[in-house]
Structures are given as C-alpha cells and as structure tokens.
Amino acid sequence: MKKFDFHIHTCCSQHWLWGVDGLSTPREVVETAISRGLNGIAVSDHNTTKGGLLAAKIAKKIDKNFLVIPSIEVKSRSGDVLAIGVLEELTIRSRSLTAAEAVEQMRDKNAVIVAPHPYGREGLGLIVEKLKFDALEGFNAHILPRYNTKAKKLAQKLKLPMVASSDAHIAEEIANGITGLDMDEISIDGVKEAIRKGKTKILQEKHTKSMGRIYSKKIGILFHAAKRPPCGEI
Ligand SMILES: [Zn+2]
C-alpha cells in the first residue's frame, strides 16, 4: 500500500485577511514529506496551484520516485473544496465562486474533488450531500476529533471513499494524516483512479495538538512570512 498526504499548504497558500497562509517553502514541504516515508503528496494551497507546481519541479530533482500532485483548495462562498490534480497554473479569487461552481470548474480540469473537513471550520456541511464529490476527508488533523467522527459517518452514508490528511500549514505537521492507496506504479493518473475507485484506507490519524497551538503557530507564520520571499523556491 502506497502512502500519501493529500492536503498540504506551502508559503504560496493565500489567506484572504493575512495574505500568507502557510509557513514552509515548497522545498521544505517536499523534503519533510520524503523524510516521513511518504510516497507522495498533494500540495493544495488556498486558491493557487503555484506552490504545487513549484513543489513538483523540486521533487523531480530530489527524488524521482516521490510524487507531488499539484492541487488547490478553493475557498468557495460556502466553504473549502479540495481539488487534487490541477496541473495548470491557476489562481482563483477567494470566495468568488459558489461551492457548486468550484466543484464544476475543478471537475472540468479532471481533478479529484474532495470535501475537506466537512464539519470543521470552512467545511461545506450539508452541501456535501447536494454536490458530486469523489471522496471525503474522513480524517483531517487540524479539526476536533468529534468532527472527524461525524465526517466518517457522512462518508459511509454517501458511500464515498475516505482520505486522511494533515492539512499541514507548517512542514512538521506533514503526515499527521496518511491515506493508503492500493496501487503499484505511482503516477498522478494512477492516484486519481485509485481514489475514484475507492481503493483508499486511512493509515494514520494523529491530531495536530490543540487548536491553541495551531493558532499560535498561525501568528508565527505572519511574523516569519514577512522575512521570507513569498512563495519562493528556497
Ligand atoms: Zn487546508
């Protein structure tokens, strides 16, 4: 079984209020993910594929066997829509799309459409039942355990494959959620097919400490972001 973390942010990730939403560079993200023994990751910055495309380029130089899937977490008017495998440079204005529009536009790009943290902050809640998703986050390391329990029940009700993700905004959080995929050869198309066919298994569920810790780190991101080149390759 191959191991993936399908929801990771870099310093390219955009925050509607703070500007920057993640601390680690694409290179730090790739190096950490490789050191944690993952076979691949989806870099899913908010509203841009820039971090994912940079990370994919870096990974090719560091380790040809490690797969980076450029992805995007679209902040729609009703909550987040995670699109795994968007291979073009794309930037979307925060909250400019409805959830239905985000799903439709990302499906046109042949992405795997995932409902991230449906019951956490910025989750889509009941909208998940109304739109067509390929999978649902049965575990997101950034939200409270009871919301993950609810998400798993919803996935079972809707008969949707489940993925587990770290939602890392700092490299050290990577692999706190790990999805296993039943596949041999690793490729972006292979990953998409495996998720769509439900060949997924939750392998790791490690909550990212307390919400207080997450928010104190977010404040740290603000300070550090000012000192670093935005979305650089360093
Ligand atoms: Zn996220």
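Two residues are in contact if their C-beta atoms, placed from the backbone, lie within 7 Å. The structure is a predicted model, in which local features need pLDDT of at least 70, side-chain atom pairs count only at pLDDT 80 or more, and totals for chains, interfaces and linings use all residues. Residues are numbered from 1 along each chain as its sequence is written.

**Exercise 1. Describe the surroundings of Glu 122.**

Step 1. Leave out residues up to four places away in sequence; Glu 122 then touches Gly 79 and Asp 80.

Step 2. Glu 122 sits in the loop between β7 (112-115) and α4. Helices (H or I, at least four residues) and strands (E, at least two) are DSSP runs, numbered from the N terminus.

Step 3. Compare sequence with space. Ser 78 and Glu 122 are 44 residues apart in sequence, and their C-alpha atoms are 7.5 Å apart.

Step 4. Classify the burial. A residue is buried if 20 or more other C-beta atoms lie within 10 Å of its own, exposed if 12 or fewer, and partly exposed in between, with C-beta atoms placed from the backbone. Glu 122 is partly exposed because it has 15 C-beta neighbours inside 10 Å.

**Exercise 2. State how many helices and strands the chain has, and what share of its residues is buried.**

Step 1. The chain has 7 helices and 11 strands.

Step 2. Of its 234 residues, 52% are buried.

Step 3. Among contacts with a separation of 6 or more, 66% are between residues 24 or more positions apart.

**Exercise 3. Give the strand order of the open sheet of 9 strands, then examine the pairs around β7.**

Step 1. The order is β9-β8-β7-β6-β5-β4-β1-β10-β11, and the pairing is mixed. Two strands pair if DSSP finds at least two bridges between them.

Step 2. Find the edges. They are β9 and β11 (200-205), each of which pairs on one side only.

Step 3. From one strand to the next, the twist averages 30°. Axes are lines fitted to C-alpha atoms, for helices over the stretch in contact, and angles run from 0 to 180 degrees between N-to-C directions.

Step 4. Recall the two senses of pairing. Strands of a sheet pair through backbone hydrogen bonds, either parallel or antiparallel.

Step 5. Apply this to β7. Strand β6 (residues 80-84) runs antiparallel to β7 and is joined to it by 3 bridges; Ala 83 has Ile 113 as its bridge partner. Between β7 and β8 the sense is parallel, with 2 bridges, and Val 114 stands opposite Ala 135.

Step 6. Look at the side chains of β7. Val 112 and Val 114 point one way, Ile 113 and Ala 115 point the other way, and all are buried.

**Exercise 4. Determine which residues of helix α5 are buried and what covers them.**

Step 1. Helix α5 covers residues 145-158, which is 14 residues, and reaches 20 Å from its first C-alpha to its last. This is close to the 20 Å expected at 1.5 Å a residue, where the expected span is 1.5 Å times one less than the number of residues.

Step 2. Asn 148, Ala 151, Leu 154 and Ala 155 are the buried residues of α5. They line one face of the helix because, seen down its axis, they fall within an arc of 115°; the arc is that of the directions from the helix axis to the C-beta atoms. An α-helix has 3.6 residues a turn, so residues three or four places apart point the same way.

Step 3. Turn to the other side of α5, where Pro 145, Arg 146, Lys 153, Gln 156 and Lys 157 are exposed.

Step 4. The cover over the buried residues includes α4 (127-130), β8 (135-140) and β9 (162-165).

Step 5. Lys 159 follows α5 and has a positive phi, near 55°.
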